Each structure stands twice: as structure tokens, then as C-alpha cells.
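Please take a careful look at the model below before reading on.

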Amino acid sequence: MNPPRDDVPERYRFDLSRIYETPADWTDACEDFREEIATLEALADVDIEEANDLRALLETTEDAHRQKQRLGLYATLARDIATDDDAAADRRRRFETLDADFTAAVDAVRYRLAATDRDTLDAAIDALDEYRRYAEDFREQSRYALDPSVAETVAAYEKTTDTPTNIVRAASTEDFDADPIEGPDGDQVEITRGNYISELADPDREYRRRVYETFRAELDRFEATITEAVAGKIRAAGADAEVRGYESVRDRALRRPSYPDSGLRCRLLEEVHDTMLTSVRENLDSYHRALRIRRERLGVDALRPWDRRVSIVDADPPTVDYDEAREHILTALEPLGEDYVETLEAFFEDRRIDVVPTQSKRTDITAYCPSSAADGAYILANFREDVRSTYILCHELGHAMHVEQHRSGPTRYATAPRPMSEVPSLLHELLLTDHFLDVGGPLAAAARNRVVSLLAGNLFRAARRSAFTHEIVTTVESGTELTPTRARKAWADLQSEFEPLVEFDDRAGRNWLYGWTRELYSRYQYVLGAAGALAVRDALRNGPLTTDEYRSVLAETGRRSSVETFQRLDCDPTSEAFYERAAGVFDGYLDRL
């Protein structure tokens, strides 16, 4: 059983009073934010006649985003360490309401730019210097802005568009109630979304089968519910895309806000998404080889779906406590430079990591790393003293260090396009692998197993989910009903293509139900991130990239598009060769395995 939070030493709990000293201070900040929204609405109602008008509008927009980030960071983290606290839940709900009103105000800003004479706007933007990139991005977004009277109505309905996601989350967490099963040692084990993946790594194959079948059977109870919720999520996105003038749900999704949200929306061309899907599918031989090696290493006649997570190296998994993990991570990241490691050490010392599972803490995830430009990053983790937890912590620290690089600049540019944000986190994992291989012994064995799983998941399985998402989205957009049968067939076809060596039997096609609390079209970023991280690792090791240049790129991710940033790192996601090369490096890891 997890301990009460107060029983955990302070140094293993993050300190949210650094953001707001008390919940009352958070409430006061909400009132300040409400006033800032009103100011922004008033400015958006005034014609832009010269550069100073545009500057005032954008400065207020930027400052309001800074306030919003802080409010959201505190409300989210405070709720997730005390999921049974009604006051914390109320704060999060209040923030969501404020955020919806703020979104409408920012839309009014975009509409003001759209309504401004083109020559007047061009002249104002040209005179803005450091605000120019911000202004140009807002001008691009203004093509999809709504008249404020329409936007107000849309905003009222947008508060309900999270309902499908909330239904999926409830089905897979609150309503999920699988019967306990017998563990390898005879104890009763409760299978949840939070421990499902880790339990599938157990060496006892019969136990893994019970874990798999118990978890999936419980999800099956909600198949019709989840199918309808996902379809509703797609329809809601489609309605928004249509009313705003996007070409499709995908076009809308690939213009997502950067993170943390500063007002920028860094577009990724649909052609890049197509190239990714095509190129990965043309290089599946490497993934199929990994499945053959897995089958041989496990010594089974046929791979079953419960065989895909277990280690295939001949060594007992080592125990790694948190303090050991910290030292390993600091050593592993030394190739990124002395300054980088010093920043990382300070992050550990500043009580920015909530380390262990505790009572009432959110445990359905292993870790995540929200941030704000004003406060930096925080990591909510559920560290379980094993190699997997060490890798996940190292991954989230990649996000945190990225934030530490770019938050030195103004809030408007202290952000990153989603695909680029995965490069530093996955690079961290690759460097940790290199370190563990140098250490040798059980850690090296675990690292060889982990890196193959890491790349298989981020390059190939993420591409499969991306392909599936695109297929069912286009199905719904065409006016065809998304039924459980249609979803099953689409997933089964992709299973046959991506994992032909795995025998799913009567489960073929039914395993798509897991997940779906994220935004649509979010998985592609892991494919680009993994391929980019592999390229950066080699560029740092062999040239032409230096550690100073790498940190400079991280500091400026809010100032350029995704593709431009990748190209500064000597890789090109618009090219098929980018993905072919990543598959080749994956093959190299298989050789070492």
C-alpha cells in the first residue's frame, strides 16, 4: 500500500508553494487573471492603426498567457497529488472555465488582426522587432479566427468538448474494476491502468497471460462506450475545423499550440505526416526482425500479445533506488556539457520532483512534466526502484531541461512545437543507455532490452497508432459511422502489417481501446522525436553539432517551426531518408542485443 504523503521526506515531494504560497493566493491570482482577460477583450475591440497598437495587444496577450500557465500548473499538480481533495478538484474546474474564457479572448485578438487592413498590418509587424515572429504567427492563425459574436457561442459549447475524453478516462480508471488475479508468488494482484505495463514485464509467462486477459477483458466491457466517445471526440474536432475553415481534422490538429501554451501555434505540414507514415511502413523489416529475435530469445513457438513487454536478456532485472538513479542520470548526461549537468543538479535540489506513489496521488501514469515560463518544470513521478522508472524519470528530465533552456527568454518564445519537445527527452534515454552499457553487468543487459523496446515503441508502434488514428478520423469525416466492427477491422489490418509474428487469436482488432485520453494526432510527435534524437546523438558524438549549439537550439524552439528546428539539428523530417536512417540505427541496436 502506498504511504500517506506526509510520511514521505520533503526532499522527495515537490514544493508547490514556490508557485503560489497558499490556495488563497491562487484564488487571488484567478481574479487578477479575470481582469487581464477583460483588458485583453477591450484591446481586441480597438482598431489597429499603427505598430504601438499591435504591440500593446500582443504584450497583453503574452502577459495573460504567462498568468494562465502558472494558474494551470498549480491547479493541475495540486489536484494530481490529492485526487480525493474536492477543493483541489474545484480549483482545476475553475481554471478550465477561466481558460475557456481566455481562449475566446485570444480568438478575438486573432480576429482583430484578420479585420485589419493588410498594408496597415504589414507595416505594424515590420516595426515590431522582437515581437515580429509572434505577430506573424498570430497573423497566420487569424485565417481561422471567428467573429467575436460567433466565437462567444462556440466557446460556450467548447466547454463540453472534453466530455468524450472524460468518458474514456472514467471508463479506464474510475469505472475500471478488474477482478484481482493470482500473482507469481500466490498473492492477489489488482490490475489497473497504472500497473498493467509493468506487470506484463514479469518473467512468469502464465501470469503475464492472466494480466493481459484480465485487463483487456475489463476494457472490453466498455467497447461500445469508448467507440462512441472516440467518435464523438472526432466529430467535435471536425465541427470546430469546419466552422473555423481548416481543411480537415488533421490540418487543425497539426496546428496545435506549442507547449507551454504562449499563444504560438507551430504548424506541421500534412505532407510531413504523410511522409512519416509512408516511410516507417516501408521500413518495417527492422521491427519484424526485432519480433523474430524476441520469439527466439523467449524460446516460444509463437509470440503472444503478453510476450511483447517482458525482458529478453539473460539477467535478473536490477533494483535501482532513487538516489542511485539520480547519480546514474547525472553521469549519463555529461556529454551534454558541464553547464547542462549543473542545471540538472539544481533541478534535483529545488524540490521539483514528486518521486514516489502516495495515497490519493495520481498513479495511472508513470510520470509527466508540466511547466510554466515563470516557474519552470515540475515532474510528478511514480518511481518504483527499477530500471524502467529510471528511464522514465530521465525522459521527463529531458522535458524539464528543455524548459530550463528556453524559459530564459520572453514568455512568448519560452515554448516548443510538440514534435521537437520529444527530442531532448528521448535523447536523454539514449544517453542513459550508453552509460549503462559502459557500466556493464545487469544494468547493461537491462539497457539493451530497454533501448530496443524504447525505439520499437516510439518509431513503429507510435506510427501504427498514428496510421489508425488517421484512418478512423477520415472514416468519421466521410460521414461513415464508426462502429466497434469497423474499428476492429482497421486495427486488425494494421496489426497484421506491423506485427505479423504475433498471434492475437480472438483478440485481433480489439486492442485499440487502450488510451485515447490524449489529443487526436498526438502520436506522430514520438516518431519524429525518436528519429530526431537518434540523429542528434550521432551529430553530438561525431559532429557537426556541439553541445553549445544543441543548447542554443533548445533555447530558441519557440522562434522557429518544427521543421526549421529539426533542420538546425542536421536532420530533415520532410525526407524519407530521415526515417530510413532511424530504422537502420534500430537495426544496429538489434545487432548489439
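What follows is a guided reading of helix packing and ring pairs.

This is a predicted model, in which local features need pLDDT of at least 70 and side-chain atom pairs count only at pLDDT 80 or more, while totals for chains, interfaces and linings use all residues. Residues are numbered from 1 along each chain as its sequence is written, and side-chain values use heavy atoms, with hydrogens and water left out.

Helix H18 (residues 441-477) packs with helix H23 (residues 576-592) at an angle of about 155 degrees, and their axes are 10 Å apart. H18 and H23 are therefore roughly antiparallel, a term for angles over 145 degrees. On the H18 side, the residues in contact (heavy atoms within 4.5 Å) include Arg-448, Val-451 and Phe-460, and those in H23 include Ala-582, Phe-586 and Arg-592. Of the residues in this contact of H18 with H23, 11 are nonpolar, none is polar and 2 are charged.

Turning to the aromatic rings, the structure holds 24 aromatic pairs, where rings of Phe, Tyr and Trp (its six-membered ring) pair if their centres lie within 6.5 Å. In one of them, Tyr-391 and Phe-436 have ring centres 6.0 Å apart and planes at 70 degrees, so the pair is edge-to-face, the term for planes over 60 degrees apart. Because Tyr-391 lies in helix H16 (residues 387-406) and Phe-436 in helix H17 (residues 418-439), the pair ties together parts that are 45 residues apart in sequence. Tyr-391 counts as buried at 0% relative accessibility, and Phe-436 likewise counts as buried at 0%, where buried means under 20% relative accessible area (1.4 Å probe, protein chains only). Elsewhere, ring pairs link Tyr-12, Tyr-322, Phe-348 and Phe-383 into a cluster.

Conventions. Axes fitted to C-alpha atoms, helices over the stretch in contact; angles between N-to-C directions. Helix = DSSP H or I, 4+ residues; strand = E, 2+ residues; numbered from the N terminus. Parallel < 35°, antiparallel > 145°, perpendicular 65-115°, else oblique. Nonpolar A, V, L, I, M, F, W, Y, C, P; charged D, E, K, R; others polar. Phe/Tyr/Trp six-rings, centres within 6.5 Å; stacked < 30°, edge-to-face > 60°. Buried < 20%, exposed > 50% of the residue type's maximum accessible area, 1.4 Å probe, protein only.
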